[in-house]
Amino acid sequence: MDRYQEQPHLLDHHLEGMMNSLLEIVWDSGSPPSLVHLAFKFLYIITKVRGYKRFLPRFPHEVRDLQPVLDMLAKQNPRDPETWETRYMLLLWLSMICLIPFDLARFDGNLTSLEGQARQPTMDRILDLAKCYLVVSDKARDAAAVLVSKFIVRPDVRQSRMADFLDWVLSMLSKSSSQTMEGTVIVNGMLQALAQLFKHGKREDCLPYAATVLECLDNCKLSESNQMVLRKLGMKLVQRLGLTFVKPKVAKWRYQRGCRSLAANLQPQGAAVQNQKREVAAAAPPEADDDEEYDIPGEIENVVEQLLVGLKDKDTIVRWSAAKGIGRITGRLPKELADDVIGSLLDCFSFQETDNAWHGGCLALAELGRRGLLLPSRISDVVPVMLKALTYDEKRGACSVGSNVRDAACYVCWAFARAYEPAELLPFISHISSALIIAAVFDRDVNCRRAASGTFPMALNILTAADYFAVGNRVNCYLTISVYIAGFPEYTQLLPLSVGSDLHTRHGAILACAEITMLCVNWHKRIIENLKLFMFLAVPGGWQWLINDSLRHLPLVSSAARQHIKESAVSALAALCNEFYINERGEADPALQDELVTQYVSELQNTEEMVRCGFSRALGALPRFLLKGRLQQVLEGLKKVTIISPEDVSFAEARRDALIAIAKVCQTVGVKGDGSQQEYVCSGNVDQIYATLLTGVTDYTTDSRGDVGGWVREAAMTSLMEVTLLLVQNEAQLIHANTCKQIMCWLAQQSAEKIDKFRAHAGSVFLTLLHFDHPPVPHIPHREELERIFPRWEKEVLNWNAASEAFPRITQLLGLPAYQYHVLLGLSVSVGGLTETTLRYSAQSLFDYMKKIQSDPSALESFCETLLKVFEDNLRNDRVSVPLLTMLDQMLANGCFDMFTEQENHPFPVKLFALCKEEIKRSKDIRKLRSSIGIWVFFLIFSRFCGLIQFQGDMREKVFFQLFLLLCHPFPIIRKTTASQVYEMLLTYSDVLDPAIMDQAMAILSDTNWEAELPVVRERRNCLCDLMKVPRPQLVPKCCSQQWEKPERRPSMAG
């Protein structure tokens, strides 16, 4: 349903069908309670998206529905936290059924039941249920308030129950305190009930009680409460009471723009106004003049005062409710009283008031203007205030407040532009548009800029240039849009203002003109400096200085421009060298070559990462004549950059650029098998080059940016491909079989991992090497099988980004011995990962492969040995070990190792047990510990030992002892979860214990509070040990004053 959040009306055509399908489950007497609750949960989700007001009328509301729904609601537990959706929907349903037009006394019949007990009348049952749910703390309280508003206003209920119900509500309000949690819940329910009741009830029915309710509300002093929801509900109830006190009439004096008739609106302005006046005069009743003089109750003054105070509340939602209340009540007051309200409202705009008062006042002005209650005669008073609000900014310590005030001021402008005829605003149009232009272009808050840009009608070309998206970028506002708008004379006012009459304005304008003049002088100086720089750059040394200086100062450049500057500098370096540094013989000057290469290699050890990046790429761009005789020096320098040390572990971008540079250098110098190491890629240095590149494939560095090692792996894979293809096309014999095997295996591992981008890149490189034909890459392991799994025609169409396409292919490599280890290592991270799509398809592909080899014991044995090898090689490596445990969980739950469960002391579970025990030994990593806990599984760290109970022999004895150690683990969550898993294990494998002690053991596990203090828990655990005849773990004092438990002897299972 999430996709309908933005446009929930699209659900309307399907609401009835969805409701009927779910209510069939509810009406079916054979449906289990859990299924009924699930149906109501789905109904709640639909209601949440579409809104209960739209959903409510679609509920069945016939006479026959009353008793079943009432009985169903009566059976619910109001305190059950798991089924609140059911109670919420039943209360809403009952509120709809209550509208049936029959006296509820007709449903009572004989109030004596078959047992002779008096039955409660239907009216009282509904009222009691409503009262019960008005004091609960969950969402059902809101539905109970809706039920009250529909039920109490029924004619039969109103006559006999309304007064008593209001007495009960007011007494609950008086007795409850908003300072306690329980009191807050009760006050919340009572206020919601009263607000809904005074909203839906008829005025003549509610008016006799309104004064009493207002008095009680005053005594509650909700404005002093620290609960925002209570203050908001109190404000809503106050305005509902105010609307009850005054007659429901539309003010005849309000300002109206345009006519309801389209034809009248299309007439000339004067004729349209005359027609409108004639229509209003014809529609007005004869007593309209006298109607303005009716008495206004004295309580209205109290209501308006509370609403004005609400405009200054510290929470926006309260201020917004108060502003709407001001608008609604003012629309029912006589003209003179309404003008007094506006005068009091303008008092909020004083610089002695806080930003909250300014914000609330702006919201109220917008409401009054939108409703036509702010007459044109008041515009001259309001516009100056509005202009001040558009620039409101107040310093608070190290920051400023006022963005909400400026945003609300834009809302006022928006309301005025749509409420008044253009002629009414013409005297103020220049001031308002100028202020909005300034806010749209120069306000520091993006929300204010966007609000101002679409608020007031301006020139079309300005609106196009400063639209919602354009003003979202502050740099674009300051440097582009502002320059464009300055081209309009209406918005260029500095010189006239500098000779104006206002001293402060004249002072500011003169300073602004001075700044502009100084800017022009600075530009003139910069032009002269640029001319000098151009003359300096006329010689190669100047260009070389510029390139080097750009590379050294990359850390000072913004991240957005850094890559562009680096690439430009590297490109310029290559052009400079080819143009100026080569002599007639095609060689470099030895002194210049030595200085340049030595300088660049030394910069590779700079403490700034970006400097390393720049000079690495610069070395990769050097032409062959500068690398001749210096190849080993360059390769050694780049190799040092790729080595991870504690000081530069986060320099992933430098390692990436160094690997890219190595491949570029190799391509530049070329290949010659028996050539010199100082000039060519040859037999003497090819192994060193491959070792450096293969090291990059193992970079899994992470920091606050995420898996930054992925950048290094991606560059290493690309460089491996480029160097390998270079060798294949020139000296293929330099590629050793072991090197080619390592390359293909590492690429296969990356093709099985979880990040789509890197998996796709690895898969693409893998297939490029596999299917390269000019000539083919030698020594690829299992080439024929690989070409069968990855046909040549699929090279371009196989989508490695899609887990559904990639994993079914890559898991087939598990059957190839050369690739099995690396593919399983990559799959472990994917199957045990968190991404749902990757997890689903990788796990399914792995399970399909495991099913295929179940009938082949040798293949299964080989797989298990490889799995243990992967686990052993990655002990305490959380990147692999945590998802590997999750993968083991899923494999064991899917029966992948069932053939071992009937073999006593099989080496696989024994080794797996030892590895897992070592992995979590003394671990304090909550994530690792919690990842080891599962339900109905064979094996997960700590609690997952439960699954090992399936294995026969000595292993069973060791697992029991480990489980009892975990029952006193320092972390309460581990103790609790372990107890739960042991309990479930005993339920599943009832033959583990002697039936005589089974019930007692399970009682200890289920009745003990495993989150209690350790001494209490240890006593209960020891009772369990004695009962099952397992040795008690003994506390061992440590030098750091901590105590650890160890076995007092080898555990044995005497029972």
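Welcome to a chain built with 50 helices and 4 strands. Keep in mind that this is a predicted model. Of its 1055 residues, 49% count as buried. The chain exposes about 51100 Å², and carbon and sulfur atoms supply 54% of that area. How much of the contacts with a separation of 6 or more comes from residues 24 or more positions apart? Such residues account for 68% of them.

Now let us visit two residues, one at a time.

| Residue | Helix | Relative accessible area |
|---|---|---|
| Arg-656 | H34 | 18% |
| Phe-442 | H22 | 45% |

Start with Arg-656, which you can find in helix H34, spanning residues 652-669. Is Arg-656 buried or exposed? With a relative accessible area of 18%, Arg-656 falls under the 20% cut-off, so it counts as buried. Leaving aside residues up to four places away in sequence, Arg-656 touches Gln-563, Lys-566, Trp-711, Val-712 and Ala-715. The side chain of Arg-656 also makes a polar contact with the side chain of Asp-657, at 3.2 Å.

Next comes Phe-442, which has its place in helix H22. Phe-442 is partly exposed, because its relative accessible area of 45% lies between 20% and 50%. Which helix gives the largest share of the nonpolar patch? That is H25, with 3 residues.

Note on methods. Residues are numbered from 1 along each chain as its sequence is written. This is a predicted model: local features need pLDDT of at least 70, side-chain atom pairs count only at pLDDT 80 or more; totals for chains, interfaces and linings use all residues. Side-chain values use heavy atoms; hydrogens and water are left out. Helices (H or I, at least four residues) and strands (E, at least two) are DSSP runs, numbered from the N terminus. Buried means under 20% relative accessible area, exposed over 50%, partly exposed in between (1.4 Å probe, protein chains only). Contact means heavy atoms within 4.5 Å. Accessible areas come from the Shrake-Rupley method with a 1.4 Å probe; for residues, only the protein chains shown count as cover. A polar contact is a pair of N or O atoms within 3.5 Å; within protein, one must be able to donate a hydrogen and the other to accept it, and residues adjacent in sequence count only if both atoms are side-chain atoms.
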